Protein chains: 2
Amino acid sequence: MNPAGNAFVSVDWGTSRLRVRLVRRGPDGQWIEAGESATDEGVAAAPDASPSARRGWFAETLRRRVAALPDGAEAPPLPLVVSGMAGSNRGWQELPYASTPFPLDGGAMVCRHLPPPPGLGPVLLASGVRTATEIMRGEETEMIGLVAALPTDPSWQNGWLLLPGTHSKHCRIRDAVLEEFHTAMTGEVFQLLSSHGLLAHAVIREPPNAGDDHPAFFEGVAAAIDTDLLFALFQVRTRQVLRGASPESGRAFLSGLLIGAELRPHIAEGPSGPPILVAADEARARLYCRAAAAAGLEKRLRPAPPGALRRGLVLAHARLLEHFPPPPGPHPASASPP
Amino acid sequence: MNPAGNAFVSVDWGTSRLRVRLVRRGPDGQWIEAGESATDEGVAAAPDASPSARRGWFAETLRRRVAALPDGAEAPPLPLVVSGMAGSNRGWQELPYASTPFPLDGGAMVCRHLPPPPGLGPVLLASGVRTATEIMRGEETEMIGLVAALPTDPSWQNGWLLLPGTHSKHCRIRDAVLEEFHTAMTGEVFQLLSSHGLLAHAVIREPPNAGDDHPAFFEGVAAAIDTDLLFALFQVRTRQVLRGASPESGRAFLSGLLIGAELRPHIAEGPSGPPILVAADEARARLYCRAAAAAGLEKRLRPAPPGALRRGLVLAHARLLEHFPPPPGPHPASASPP
């Protein structure tokens with residue numbers, strides 16, 4: 001029997017979000033999401049308390065989310081797979097990183113079985129990956145999932161996978177092995193500059209509905225290509241002072257500027273460099289495609305199919321359960337009632 | 001008679017600081033500082049009130065600072081020269097910018113005479129300089145002063161003047177004419193990243209006494225040369241996680257990283273590019289010289305002599321009074337007593 005049986009609970013525990021999904025095997029043997037319970041109870045919400053109190057918070061928070069799933073209280077309790085920041089020093093239990101080169105079939109992950117917490121099944125906690133100078137926790141699981149969801153994508157032979165976000169990951173892959181990766185602090189720098197200091201006065205905080213189509217976005221991409229970022233940033237201010245640019249225009253310009261800066265290493269590889277697969281929600285993927293076109297990378301960069309990232313995460317968790325099945329023997333029912 | 005007579009008041013009104021200096025002519029005809037009164041009453045401290053209430057705040061704040069000078073209440077009231085952000089839309093009265101090319105003898109400045117405020121002499125308010133995409137207010141006056149203080153420096157024939165700060169100005173000069181300039185948001189980005197977000201946990205807020213000598217500073221410069229800034233920033237975090245780097249080390253690394261990023265355009269010009277004169281306080285100038293040496297720019301970059309920036313500002317204000325003497329006729333004594 002497959003170690004995951006016919007159902008398991010997929011847990012993506014990020015810094016700011018907790019996403020718990022019930023996953024069942026469908027009639028054709030495929031894994032199907034059968035329900036989700038997501039909240040803002042990310043790792044950052046854990047109390048600043050003793051290690052055992054923190055562990056208790058993680059177990060109890062997860063128990064409540066599982067109970068909120070359809071049939072979440074079914075017996076025997078389902079196995080759980082947890083990836084993301086839960087394996088960090090700010091998380092449930094700190095696990096060491098796996099190292100590159102890191103095969104993307106899931107077998108090279110550093111994982112640990114936690115005993116079943118009160119009211120829950122056995123927990124498989126997944127760690128992250130490091131190089132000499134870089135770290136990630138969670139994105140490696142997304143990559144394992146994308147390889148599973150898009151097995152014939154040419155990126156796995158020789159390409160870049162780009163996972164945009166607060167800390168965007170640029171992942172160099174050859175023969176389905178992660179060789180190296182680099183982190184661009186795009187999202188965080190955008191957030192800081194649009195919330196504090198001089199540029200905050202020139203950038204609207206909340207995105208307008210049609211903001212993604214603003215021509216200032218392309219101005220920003222062009223500025224990023226021409227000018228080192230530390231200098232180009234000041235143009236957010238001078239566009240406002242000298243040209244009366246609106247805060248909506250300022251936001252689009254800053255967005256183009258930072259995404260353009262993020263694409264600079266790929267521009268340096270030239271238009272015939274390796275393919276770049278962007279996996280993100282549709283709105284964000286569209287921004288990267290537009291910036292890539294303005295930067296002469298339109299033949300290299302393309303978006304992953306809609307939903308691939310989400311579908312892949314479930315597939316990755318199923319793979320981890322295959323590679324790291326729960327220890328044999330009965331899982332004792334929890335001493336405390338659920 | 002020289003329009004400045006034998007004494008005037010030199011006012012440097014920045015965003016965060018107000019510096020008022022009494023300047024007298026010495027026995028050999030040189031201008032000599034005879035007293036200073038400085039506070040945190042920068043332009044940012046002006047009340048968010050009606051234009052006339054704001055003008056009143058500027059006049060009254062200046063009157064109090066002049067009164068705090070030695071013999072500040074002498075009659076007749078001395079002429080005043082005000083440069084910096086006081087001429088901005090957040091200042092005393094908004095003046096248009098002068099444009100490049102901008103000769104650095106002071107004659108091309110946009111200036112306006114304000115009527116004597118209560119208890120004060122006539123005020124000469126100086127504006128800033130713009131290009132198609134850049135703006136400055138105050139640094140152009142510093143440049144006029146440096147040319148006056150260091151008349152034989154080779155930078156005025158063909159070179160860069162670098163004025164580090166919250167918004168560092170890189171000024172391209174030929175034949176004592178400012179041709180273009182570029183603003184690096186070095187100080188502000190340092191402040192934002194070390195105060196908010198992920199990197200704040202890896203960077204100590206207050207500089208340690210010996211922090212400028214930290215070897216991590218050179219690591220930061222090297223990272224800036226190798227890696228685009230948006231990516232290199234994440235190393236502040238990974239040095240802490242993977243190598244246990246202290247917050248003092250994190251601060252030195254981030255400082256080196258940002259100063260290195262600021263020097264990148266000059267690195268691109270090569271080791272035999274134009275000379276670069278750095279005008280700053282001694283500690284900051286030393287940092288730039290160290291970074292330049294690590295970046296292969298040691299033959300191009302050198303610091304202005306200690307005190308040149310301060311001495312120059314007084315000389316620049318004296319020049320502005322020569323170019324823009326107070327309007328003829330008696331300056332009526334203020335209606336209000338000082």
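Reader: In which loop of chain A does Pro101(A) lie?
Author: Elements here are DSSP runs numbered from the N terminus (helices: H or I, at least four residues; strands: E, at least two). On that basis, Pro101(A) lies in the chain A loop between strand 5 and strand 6 (102–103).

Reader: What pLDDT do side-chain atom pairs need in order to count?
Author: Residues are numbered from 1 along each chain as its sequence is written, chains are lettered from A and ligands numbered from 1 in the order written, and side-chain values use heavy atoms, leaving out hydrogens and water. This is a predicted model: totals for chains, interfaces and linings use all residues, local features need pLDDT of at least 70, and side-chain atom pairs need pLDDT 80 or more.

Reader: What is omega for the bond between Thr100(A) and Pro101(A)?
Author: Most peptide bonds are trans. The bond joining Thr100(A) and Pro101(A) is cis. Its omega is about -5°.

Reader: Which residue of chain B does Thr100(B) join through a cis peptide bond?
Author: The bond has an omega of about -5°. Thr100(B) is joined to Pro101(B).

Reader: What phi does Ala176(A) have?
Author: Most residues other than glycine have a negative phi. Ala176(A) is in the loop between strand 12 (168–174) and strand 13 (177–184) of chain A. Not a glycine, Ala176(A) still has a positive phi, about 60°.

Reader: How far apart are the C-alpha centres of domain 1 and domain 2 of chain A?
Author: The bounds come from an automatic or database domain assignment. Domain 1 of chain A covers 7–154 + 309–323, and domain 2 covers 183–305. Their C-alpha centres are separated by 31 Å.

Reader: With which residue does Asp153(A) form a salt bridge?
Author: A salt bridge puts a side-chain nitrogen of Lys or Arg within 4 Å of a carboxyl oxygen of Asp or Glu. The two domains of chain A share one salt bridge. With the closest N and O atoms 3.0 Å apart, Asp153(A) forms a salt bridge with Arg302(A).

Reader: How much area do chain B and chain A bury between them?
Author: The contact (heavy atoms within 4.5 Å) takes 38 residues from chain B and 38 from chain A. Carbon and sulfur atoms hold 74% of the buried area. Chain B and chain A bury about 3400 Å².

Reader: How many salt bridges does the rule find across the interface of chain B and chain A?
Author: Chain B touches chain A through elements including helix 3 (186–195), helix 6 (235–243) and helix 7 (247–269) of chain B, each giving two or more residues. The salt-bridge count across the interface is zero.

Reader: How are the rings of Phe58(A) and Trp92(A) arranged?
Author: Rings of Phe, Tyr and Trp (its six-membered ring) pair if their centres lie within 6.5 Å; planes under 30 degrees apart count as stacked, over 60 as edge-to-face and the rest as tilted. There are 14 aromatic pairs over all chains. The centres of Phe58(A) and Trp92(A) are 6.0 Å apart and their planes are at 15°, so the pair is stacked.

Technical notes: Buried area is the accessible area (1.4 Å probe) that two parts lose on being put together, summed over both.
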